[in-house]
Structure formats: structure tokens, C-alpha cells
Number of protein chains: 2
Amino acid sequence: MNIYDVAKEANVSVATVSRVLNNHKNVKESTRKKVMDVIKGKDFVPNSAAKNLSMGESRNIALIVPDIENPFFAKLLHGLSDQAIEFGYNVFMFGTDEDTERELQILESLKSELLRGLVMIPVSEDSENTKVLLNRFREASAPVVLIDRDVRGGDFDGVFSQDDEGAFNAVECLIKAGHRKIAIIRGSDTSRPGYERYRGYKKALAKYNIELRKEYCPYGDFMEENSYQAMKKLMSLENPPTAVFSSNNMTTLGCLRYFKENNLKIGRDISIVGFDDIKELRYTDIDLTVVDRPVYEMGVEAMKLLRKAIETRDKADEDGLFVKRNFIKTRLIKRGSEFCERLGKGESGSLDVD
Amino acid sequence: MNIYDVAKEANVSVATVSRVLNNHKNVKESTRKKVMDVIKGKDFVPNSAAKNLSMGESRNIALIVPDIENPFFAKLLHGLSDQAIEFGYNVFMFGTDEDTERELQILESLKSELLRGLVMIPVSEDSENTKVLLNRFREASAPVVLIDRDVRGGDFDGVFSQDDEGAFNAVECLIKAGHRKIAIIRGSDTSRPGYERYRGYKKALAKYNIELRKEYCPYGDFMEENSYQAMKKLMSLENPPTAVFSSNNMTTLGCLRYFKENNLKIGRDISIVGFDDIKELRYTDIDLTVVDRPVYEMGVEAMKLLRKAIETRDKADEDGLFVKRNFIKTRLIKRGSEFCERLGKGESGSLDVD
DNA sequence: ATAATAAATGTAAGCGGTTTCAAAATTTCA
DNA sequence: TGAAATTTTGAAACCGCTTACATTTATTAT
């Protein structure tokens, strides 16, 4: 059943049916009703492909994340998806498995899709090809909104976190708990969260006059296995750290794995503060202090930014295309894993802290 | 840039371009090359909306899950998505938040979408409306594949688990560890996993001549909070169980929360076996014995089933439309949480067990 | 070499909507 | 009451692709 059938049945033209369907003004109330009655009687549904073709645009957007199974991204998807439904968009979901090649493939395959917009957590900040493709989307009037990670020199809208501040707070918390030998397991330098959190770490050390030691700053690349290896290396230093700032949730799992396998107990042998909460730990012996973020809300926000971008572009096109970049505040949730018996449960007293 | 521009540039007709694009036979190698050169030179991408409209079908499918954030579904999505890309499909993602109304809304909104297929974990087995809508999709030649949960009387293809056997093994494991007072926290009776796992539980008790006690079988509805409440009720019975079979991952979290809050230690005060693994626990003090499933693979399998359904329908239509329902085997991973000091770490010895 | 056959290409009609432009119907106002 | 202004409607072109059918070109067999 299509618009012509409806038209015939209602004794009007297709143009009129179309107007009714799209809530145009200038449709007499009586004819509107006539058409609506037919539509309700039969189960007519307008063909979206035809609509898309005719209008040169769709109500579809895509979300591309590096790791579908990471709860952080799942939560993000949840928020974004809810808001998308609210706004009447459908979302295509893709995972790149942290692989730039795959990311490019996906973007490439989406070029034919008449996407209305794109929300993306890019694998790397430095993929020129990604930038080129994203720019093409933007030019084809499919705005791009980034989340969490950036694209260098891309100048895209985005929802990010105050990563460095979050990291600073995490590390400061460890310092105030009495630690001075604090390691960080870092994410790749090709991602904002990677280098910004490292920056926060360095800032905190600097503020308290703690020397930065290169060997305390291995990469875990935000991956469990690599982080496990990094932790292992840290603990086999001749002078191992007493605390570690785990700069990502997967990283934290890697650390915990090492702790468990080597019978290191948090609070007795080692301290840890993580970035991004891990819900499942709440009910275990691990009372993890973490830098937390409103992840669901970030997803929602990304969708809102995207819609705004879609609408303003539709209107002002060349005019007001200023970039909207939000930096979401983090929050330190103290649960105790920053302390360590060896150091004495020094509240903030043991060091000269303001 | 469209197919006409390409045609002009290459000095051929649009039909020829179309043929080249779709790898038709009967295209001379030389003209094929001519066209391809033009396509590569300019950056032509065929408009999928036009294609969809013209062919009356798309390469899009939808995945509808009840809870986007549940790692089980995330894993499922991962497998499905990977396989979908492999097969050249894009997947729309939706979450129903375990709400039948929302489920219906989503299905309703998808009717216009020319979907090629639908993969779904329905909220409830008993939603007549859902069944009606799904049947409509199927009739509109968009096959439906269910995962994990069923639709009563729907007769849809699907990938399920051997839930009862899995549950049976879980409970038997507890029995062999010496327990006789074993509770279950159940899922809703309106879902296959809900009642099948309960069935497995009952079977196990029956086999070992253990009386079934109604008060040991509260509902947790596969939700953390409800399961927490259920656990609380269980432990405040005058004769509380010594072990619990937690029939779902969220349920397990609810139990763990109760244990932690009430200082019950697994292995000392209580035993537990779960259904569906919880990765994050691996590195904590909780060595959870669980019924595990190849979740990623189930997602892959669902996509394979879907494609088969799409293809056979395209071909044999009325002919061979027999339903394909796979029942995936579960696997019990013993990690120790089935034991309990109070009972003596009875291997299988303490009861007469074959 | 030529008719018969097969292969390659082109023409044009859809697919199901939206939208411009003109015509018809209605309302407003002198 | 009739012309002008306004609202409501319809005819038909268009979006960009596929494909049935017609036509041209190449190949094969006689």
C-alpha cells in the first residue's frame, strides 16, 4: 500500500496525502480527516526509502565506537539511543575493535547511506584518512560529533571530559593518602584521554614536588592484557611503586588481574585509583576509588549536539558554523583503594598539603 | 554525482553503469574498465536510498535487545555486528529497557524502514502485539530471528540455550558440594530463560530427592534490585538456604550486593552458582562458579540464520519455510563458589551421588 | 559469406515519495 | 455582488537507481 492507493481511496491527490502526512498547513480540516481515516483503516506506512530519495536525506545516524563490549561505550550508546528515539532518529551501530583500518572501511561503506549525522569515538587522533572521510561527511551535510576522543586538527563538535583534571584529582588523592611512589598506566598518546590523563598525572606530581619517573609511566593502551603486562613490569622494578593510577577501566582490570595472580592486596600491598567506574566491583572486596563520569548523559548530550548541528546547518548553512565542544566535569568517588597500610592510613596529614 | 554523470563521462548508458556496479555478466571487459575508471576518478558512491526504493529492499537489519547495557547483550551485539559487516549488512540498534510498550513503539516505527531482517530478544514471551508485529515483518519478507528468549506460538527462527540443562548442572554442582537447602532466584515466567532455568533447578532437586520448597524460589526478574530484595527475603527465612542458584548475571549482582552489605562471605556463609559469566569478578575475591555460554558466537549464529532466512525466502518463498531453531549447549565453569565451609568441603563424597 | 545465435548495450518505465507551479475553491472587502 | 486576495487542491516533474524489452554488435555455424 502506498500513497497513491491512499489518495485514490480518499478521493484526493497524492500531493494532498503527502501534505497530511507531513503536517503541512493549508490542508482543510475535513480533508485531513478524510485522509487520516483511510490511513488508519488500512495499515499504510510511508516508504522511507522513497522519502529519503526524494528529500535527499534520512533520519538515520551512525554511532561508531572502538569496542562494543566496553561497558563505557555500552552506556554511551544507551544514552545516545534513548535521545535518538526521542528525536526520531534511528541509529546504526558499528564497532571498530580499535582498528583504524576497520574504522575506515566502515566510514567508506557508510558514504552511500544518506546519513543525517555521525557520532564517533575515533580509534586514533592521528588518522589522516579518518579526518578526510569525516570531513567529507560534514560537507555532505552529515555533521560529525565526537565523543571522548578527538581528531587532531579536525575541528569537529564533540563531548569530551575534563580528563586532565580528573586524572589530577585521582593522583592527588593518592598523594594525600601518603603515596609518593605513584605509577600511571597510560593510554596511547594518539588519543585525548591518553595524553590528557597523563598530563593530569604529571601536574599532580609537580604540584607536590614529586619527581616524575619515566619507568613509572608505562603504556597499557587502555587494553586489559597490555595493562596487565605493564603492571607486571612496574612491580618487578627494583623500586616498585606503592600506588598506581589506572587511567581507564580496561586498564584497571589488567591491574586487578595482576594483583590477584600475585596475591597483592589492595590496601595492604598496593593502592590504586581508576578512571571510569566498574560497576561489578561494587559488590566485591575491591572498593575502588575512581574518577567517574556521567556517561549516559554524555551520550544524550552527543545526540543533542548532533541534532543542533543538523538543524543549524539546514538553516544557516555557511553562516553560523561555530564548533560546539563540551567538556564534562569528572567526579572523584573515594571508596578507599587509595590507602595502603604500609604507609599508615594517613588522611591528608602526613604530607604538607594545602 | 550520480549514475547519469558516470554514464555520460564514460560514454555509456546508465543501464551499463548499473550493470557494472552490480557485477552483472554480459558486460564487455573493456566497457567495465571504462566505467570503473570514471568511478574511481570521481568519487562516485551509489545512492542507497534510490537503490532500496528501486529494489524494494535494503541491506539494513535491526537488533532489538531489552537492555543495552547488559554485557550479555553487548557481547551478542558484537558477534552479530561482526558477522553483519561480513555479510554486508548494516545494523540498527535498539534497546527496549525491558518495556513491552517501548518494544512495540520501536517495531511500529520500523515498519517504514524496508528492513531486510530483524533480530530480537523480546521482552516477554506473551506479548500478543509483539507477535502480531513480528509476523507482519516476516510476511513483508523481513525474516525474524530470536535470541535467548522466545515468542509463544510465534514459530520464529532462533538461537537459544539449553537453559534447563545448564541450570540442572548448576544446581547439581551445588548438591554435589553438599548442599541440600538450595534456593533459586528466578526470572519471569514469561521468558524462556526464566521458566527453563527453573525447570532445570527442579529437575536437579528431583533427581537427588530434595524437596522443592516454594519459599526457596523467589523471583528476581533478572534485575539487580529485585534480586537483591529476593536474596534478602531468602536470608531472613527462619530456615534460610545454604546456597543459591542465581539464574542470570544481573541477578548475581543483586545477590553479591546483599552478601557484601550483610557481610556474608561466599565459601564461609553461603554458596552461589550463577548463570552467565561476569568477567569483572575474575579478578576479585569472588571466584564465581557459573553456567557459561558462547555469547559472541550466538550473535554470529543469529546473523547466519538471518541471512539464510533472507536468502531462502528470496528463492523458495512458499516452498521450504521450515523453522531453524538452534539450542546452544552451556558449560559449567567451576571456580569454587559452590562450596561452603559449614558443610565441609565435600567433594562429591558427602551425598550419594552417581 | 550469410543466416542464425549469442552477447552487449541502450531506452524508458517504474519504485513511492516531495514539491513547484498552476488551477480551483473559498474568503474578504469595497 | 463581484473583483481581489487567500486558501486549498491537483498535475506532473523529479530524486537516483534497477530492469524488462528492444536494439545493436559480435560470434558461430553452414
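**Notebook: the contact between chain A and chain B**

I began with the charged pairs across the contact and counted 8 salt bridges between chain B and chain A. The model I am reading is a predicted one, and I keep that in mind for every distance noted here. As one example of a pair of side chains meeting in a salt bridge, I looked up A:Lys279 and B:Glu224, for which the N to O distance is 3.3 Å. I then turned to polar contacts and found 22 residue pairs between chain B and chain A, with both residues at pLDDT 80 or more.

Next I asked which elements of chain B supply the side that touches chain A. Helix 4 (48-55), helix 5 (71-87), strand 2 (90-95), helix 6 (100-110) and helix 11 (249-261) of chain B each give at least two residues to that side, and the largest share, 8 residues, comes from helix 5 of chain B. Sorted by class, the side of chain B that touches chain A has 24 nonpolar, 17 charged and 10 polar residues.

For the extent of the contact, I noted that 51 residues of chain A and 51 residues of chain B take part. The two chains bury about 4,700 Å² between them, and 58% of that area lies on carbon and sulfur atoms. Of the area that chain B buries against chain A, 15% is supplied by B:Glu69, B:Glu280 and B:Tyr283, which is more than any other three residues supply.

I then checked how the two copies are related.

Last, I looked within chain A. Its domain assignment gives domain 1 (1-57), domain 2 (59-155 + 294-328) and domain 3 (163-293 + 332-345), and the centres of domain 1 and domain 3 of chain A, taken over C-alpha atoms, are separated by 60 Å. Over all chains the structure holds 62 salt bridges. One that I followed joins A:Arg149 to A:Glu98, with the closest N and O atoms 2.9 Å apart. This pair links distant parts of the chain, 51 residues apart: A:Arg149 sits in the loop between strand 4 (144-147) and strand 5 (157-161) of chain A, and A:Glu98 in the loop between strand 2 (90-95) and helix 6 (100-110) of chain A.

Technical notes
Residues are numbered from 1 along each chain as its sequence is written. Chains are lettered from A and ligands numbered from 1 in the order in which they are written. This is a predicted model: local features need pLDDT of at least 70, side-chain atom pairs count only at pLDDT 80 or more; totals for chains, interfaces and linings use all residues. Side-chain values use heavy atoms; hydrogens and water are left out. Domain bounds come from an automatic or database domain assignment. Contact means heavy atoms within 4.5 Å. Buried area is the accessible area (1.4 Å probe) that two parts lose on being put together, summed over both. A salt bridge is a side-chain nitrogen of Lys or Arg within 4 Å of a carboxyl oxygen of Asp or Glu. A polar contact is a pair of N or O atoms within 3.5 Å; within protein, one must be able to donate a hydrogen and the other to accept it, and residues adjacent in sequence count only if both atoms are side-chain atoms. Helices (H or I, at least four residues) and strands (E, at least two) are DSSP runs, numbered from the N terminus. Ala, Val, Leu, Ile, Met, Phe, Trp, Tyr, Cys and Pro count as nonpolar, Asp, Glu, Lys and Arg as charged, and the others, Gly among them, as polar.
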